[in-house]
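Here is a friendly briefing to read alongside the structure. Keep the picture open as you go, and look for each element when it is named.

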Amino acid sequence: MAMASETCFHCALPVPAGCHLTVDIEDEARPVCCPGCKAVAELIRDTGMSRYYELRDLPDPGVGRPPEEAAEWSVFDSADMLDAFTQPDGDSREATIYVGGMYCSACSWLIETTLGKQPGISSAEVNPITHRLRLRFPRDGAKLSSYLATLANLGYQPQPLSPENATRPEVTEQRSALKRLLVASLGMMQVMMFAVGLYAMDFQGIDPEMQHFLRLVSFFVTTPVVFYAARPFFTSAWRGVAGRKPGMDLPVSIAVGAAYVASIYATFTRGPAVWFDSVTMFVFFLTLGRYLEMRARHRSIDRSTALTSLLPNTATRIEGDTRTVVPVSQLAANDTVLIRAGEPIPADGQLLSGKTSVDEALLTGEARPQPRSPGDQLSAGSINLDGMIEMTVTKTGGDTTLGTISRLSERARYARPAFVTLADKIASYIVVALLFVATMVATYWYFADPDRAFVITLSVLVVTCPCALALATPAAFAAAGSRLSQLRLLVTNGNAIESLSCATLAMFDKTGTLTKGSPSISAVFVTDNAFSEKDCRVIAAALESASTHPLAHAFALQGPLPAVSSPEVIIGQGVSGIIDGREWRIGNAKFAGGGFATDDGAATHVFLGVDGNAVAWFELKDELRDDAYRTLESLRGLGLGTALVSGDNRVAVNNVAEALAISDTHFECTPEDKLAIIEDAQQRGEQVVMIGDGINDAPVLAGADTSIAPAHGALLAQTSADVIMLGDSLTPLTTAIEMSRKTMRIVRQNLAWAIVYNALALPLAAAGFVPPWLAAIGMSASSLVVVLNALRLNRFE
Amino acid sequence: MSILYILIPLALLLLGFAVWAFFWAVGSGQFDDLDTPAIRVVMDDDTKPDEEEKQ
């Protein structure tokens with residue numbers, strides 16, 4: 001069976017066979033994969049937004065596809081909910097909404113323009129980095145639900161945020177960093193201007209009153225620069241001293257503080273020179289460097305919010321006989337909630353009544369439905385598949401398993417790589433050495449030429465500030481991380497870049513990594529000649545549409561399906577239903593009717609029978625990813641070995657290995673076997689990159705030198721993976737290897753530059769050849785060279 | 001040169017105003033998103049005026 005070659009114009013999923021839906025956009029009929037996508041595309045066209053399709057980046061397949069059932073938004077119009085999710089402001093209300101499913105700037109344009117046309121909305125602003133929409137609408141008469149429905153109709157998943165969740169720490173950090181940068185830069189410009197006057201007057205003779213006035217004004221302007229813009233340096237230096245780990249902020253603080261105090265002293269005693277210009281310039285360049293580093297850090301995608309968007313917005317709480325719909329944030333332990341079939345579970349809890357099976361693929365990667373009976377545990381974020389259940393809440397929000405996982409991955413993201421920590425440690429030794437050298441220089445000059453002792457010591461402190469050394473590695477890593485996230489790779493562990501750069505062996509898991517992970521029908525064998533292949537497929541599709549089993553998706557067909565009366569899902573068996581008066585069954589061989597002879601073990605089989613007689617069986621296969629061969633070839637081109645380890649049987653593994661020209665294969669491996677294979681390779685001196693979706697093998701990922709997990713895999717695996725591949729393609733792997741090698745090259749260049757600079761500058765300054773203002777320029781320039789060199793990584797293709 | 005005694009304080013006054021204005025702009029969120037505004041100008045509705053009337 002050839003699979004459809006066309007992809008959906010809206011969501012980029014393959015168009016299923018037999019689906020002939022199209023949408024006319026820009027006078028051309030475009031194929032779409034489902035009625036939902038058709039509706040979204042028509043809505044976009046009819047509101048005059050067709051340019052969205054030109055402007056956007058191509059989405060991950062499936063992103064933007066609307067859910068099959070419209071969510072219930074009207075609960076958000078009640079006064080309680082409006083108070084919980086919006087902030088009143090004069091005559092209007094402001095709501096912050098997390099918009100799931102947006103992936104490029106064109107999305108934010110589409111959202112802003114479409115909402116802007118809605119009656120009542122006075123402003124709609126989307127931040128494409130944090131995926132947050134800020135909406136202002138009149139206090140009376142406006143319906144939040146209609147705006148949410150509009151977003152949902154466009155194919156996004158809106159989630160109103162309560163005000164305390166609306167501001168992110170990044171925003172606060174960015175705002176104060178910007179303010180500090182501005183104060184430092186304006187202060188520097190002003191003080192430099194006065195300094196030019198002072199220097200010029202030195203040569204031309206000066207009116208002492210004017211000199212005093214200019215110094216006073218410089219003092220006045222420098223004060224906020226020191227106490228406001230440079231405050232982070234002082235606090236961090238103090239933390240370093242208190243923790244007995246002096247960082248590079250210590251000499252910075254000493255230099256700034258000493259120069260400031262000495263200049264004040266010189267101003268009021270009418271001494272020979274002031275250094276306000278050096279102080280402000282020094283602070284400005286340092287603040288600029290920190291600001292650039294912070295922006296690079298913030299650019300990585302906000303994953304934690306993406307995780308909470310897996311939870312539903314509302315839950316149905318049962319109190320006595322009444323059922324009320326409440327926002328999930330208002331749930332508390334010991335509440336009883338009702339969950340209908342197909343709904344996500346809003347919190348961790350215990351099943352109270354009802355029998356069901358849940359899909360925990362998100363948490364554990366286990367795609368098969370897990371049966372649950374009263375008393376069993378349920379995890380937030382998993383999906384209730386079969387029955388209506390009641391649950392007692394035990395944990396909510398950040399305490400749930402899902403919350404813990406997202407916190408873990410968050411922490412991993414902010415953890416500093418060992419490499420950087422080492423650089424920091426070295427820097428702290430250098431700082432102590434520098435302070436010692438500065439004292440020696442001061443002592444020497446105090447006896448040789450006491451007038452110049454202070455100036456020279458100041459220059460030594462400023463010029464040798466190990467900023468460049470300390471920035472060399474983190475700046476490169478931050479730039480690489482930000483570029484990689486644009487290239488759809490999320491680095492959660494900074495060490496990964498270093499270990500990737502020296503990788504020698506790429507080891508792949510099979511299912512879901514090299515293959516697509518979701519089976520599709522590869523062959524249909526009809527055993528009863530009364531039916532054609534097409535009949536069988538249509539009947540199977542009709543029956544399976546009643547089921548939420550993962551395999552059921554493989555049968556989905558578009559177009560008219562025969563009506564099924566009294567469909568019944570028998571857990572672990574299959575689906576039965578009555579079509580045209582005959583009882584059809586689809587599922588395992590015994591359930592469908594027996595009399596089937598098959599099995600070579602390489603594929604999954606699903607059987608169809610009518611009134612107890614066999615009719616047909618379907619072979620389901622997991623196809624290779626389109627770019628698997630290309631990616632493996634280019635990895636081999638980069639000098640890496642390739643290997644395949646899988647828990648699957650010999651036939652299936654060998655088929656894949658042959659298709660991809662992998663000679664090193666291991667089949668029927670337990671996670672322990674896989675770990676042993678990795679350790680064996682490491683003993684041989686290989687640096688192993690393990691690429692797997694981590695279903696049941698999170699420890700295997702942890703055992704490799706570097707681990708890479710696709711984003712659609714198990715969340716648990718992602719917490720132990722060093723790099724997460726977003727999107728549904730393997731190509732980023734090659735990019736990751738090339739990028740990591742380039743990054744390490746830049747780190748080495750940076751370190752070499754910083755060491756050479758310090759080795760040259762220190763003797764010159766100690767000998768008294770460098771005035772403080774030149775020292776400040778030299779130090780800042782050396783740091784900027786390092787940062788700019790690192791930023792070259794941003795242009796990596 | 002004594003004009004400087006007036007001009008410099010005046011410049012500082014303007015400076016203070018600039019800092020105040022910038023702080024206000026940052027506080028009201030105008031600098032939170034430094035990426036979209038750059039592309040927003042090149043994006044436009046593709047509906048021509050006459051089409052809009054038809055709808």
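The notes below start with the whole chains and then turn to helices and strands.

This is a predicted model, in which local features need pLDDT of at least 70, side-chain atom pairs count only at pLDDT 80 or more, and totals for chains, interfaces and linings use all residues. Residues are numbered from 1 along each chain as its sequence is written, while chains are lettered from A and ligands numbered from 1 in the order in which they are written.

**The two chains**

- Chain A has 28 helices and 29 strands; helices (H or I, at least four residues) and strands (E, at least two) are DSSP runs, numbered from the N terminus.
- Of the 797 residues in chain A, 45% are buried, where buried means that 20 or more other C-beta atoms, placed from the backbone, lie within 10 Å of the residue's own.
- Among contacts in chain A with a separation of 6 or more, 65% are between residues 24 or more positions apart; a contact needs C-beta atoms, placed from the backbone, within 7 Å.
- Chain B has 3 helices and 0 strands, giving the pattern α-α-α along its sequence.
- In chain B, buried residues make up 4% of its 55 residues.

**Helix 27 and helix 28 of chain A**

- Helix 27 (residues 732-766) of chain A packs against helix 28 (residues 772-791) of chain A at about 170 degrees, with the axes 9 Å apart; axes are lines fitted to C-alpha atoms over the stretch in contact, and angles run from 0 to 180 degrees between N-to-C directions.
- That angle makes helix 27 of chain A roughly antiparallel to helix 28 of chain A, a label used for angles over 145 degrees.
- Residues making this contact include Trp753(A) and Tyr757(A) of helix 27 of chain A, and Val785(A) and Val786(A) of helix 28 of chain A.

**Helix 22 of chain A**

- Helix 22 (residues 628-637) of chain A also packs against helix 27 of chain A, at an angle of about 20 degrees and with axes 9 Å apart.
- This makes helix 22 of chain A roughly parallel to helix 27 of chain A, the label for angles under 35 degrees.
- Where they meet, helix 22 of chain A brings Thr631(A), Ser634(A) and Leu635(A), and helix 27 of chain A brings Leu733(A), Thr734(A) and Ile737(A).
- Buried residues in helix 22 of chain A are Ala628(A), Thr631(A), Leu632(A) and Leu635(A).
- Seen down the axis of helix 22 of chain A, these buried residues fall within an arc of 95 degrees, so they line one face of the helix; the arc is that of the directions from the helix axis to the C-beta atoms.
- Just after helix 22 of chain A, Gly639(A) has a positive phi of about 90 degrees.

**Strands of chain A**

- Strands of a sheet pair through backbone hydrogen bonds, either parallel or antiparallel.
- An open sheet of 7 strands in chain A has the order 17-29-28-27-18-25-26, with mixed pairing; two strands pair if DSSP finds at least two bridges between them.
- Its edge strands, strand 17 (489-491) and strand 26 (664-666) of chain A, each pair on one side only.
- Strand 18 of chain A pairs in the parallel sense with strand 27 (residues 688-691) of chain A over 4 bridges.
- Elsewhere, 4 bridges join the antiparallel strand 3 (residues 86-89) and strand 4 (residues 92-100) of chain A.
- Strand 3 and strand 4 of chain A form a hairpin with 2 residues between them, and Gly90(A) in the turn has a positive phi of about 65 degrees.

Technical notes: Parallel < 35°, antiparallel > 145°, perpendicular 65-115°, else oblique. Contact = placed C-beta atoms within 7 Å. Buried ≥ 20, exposed ≤ 12 C-beta atoms within 10 Å, placed from the backbone.
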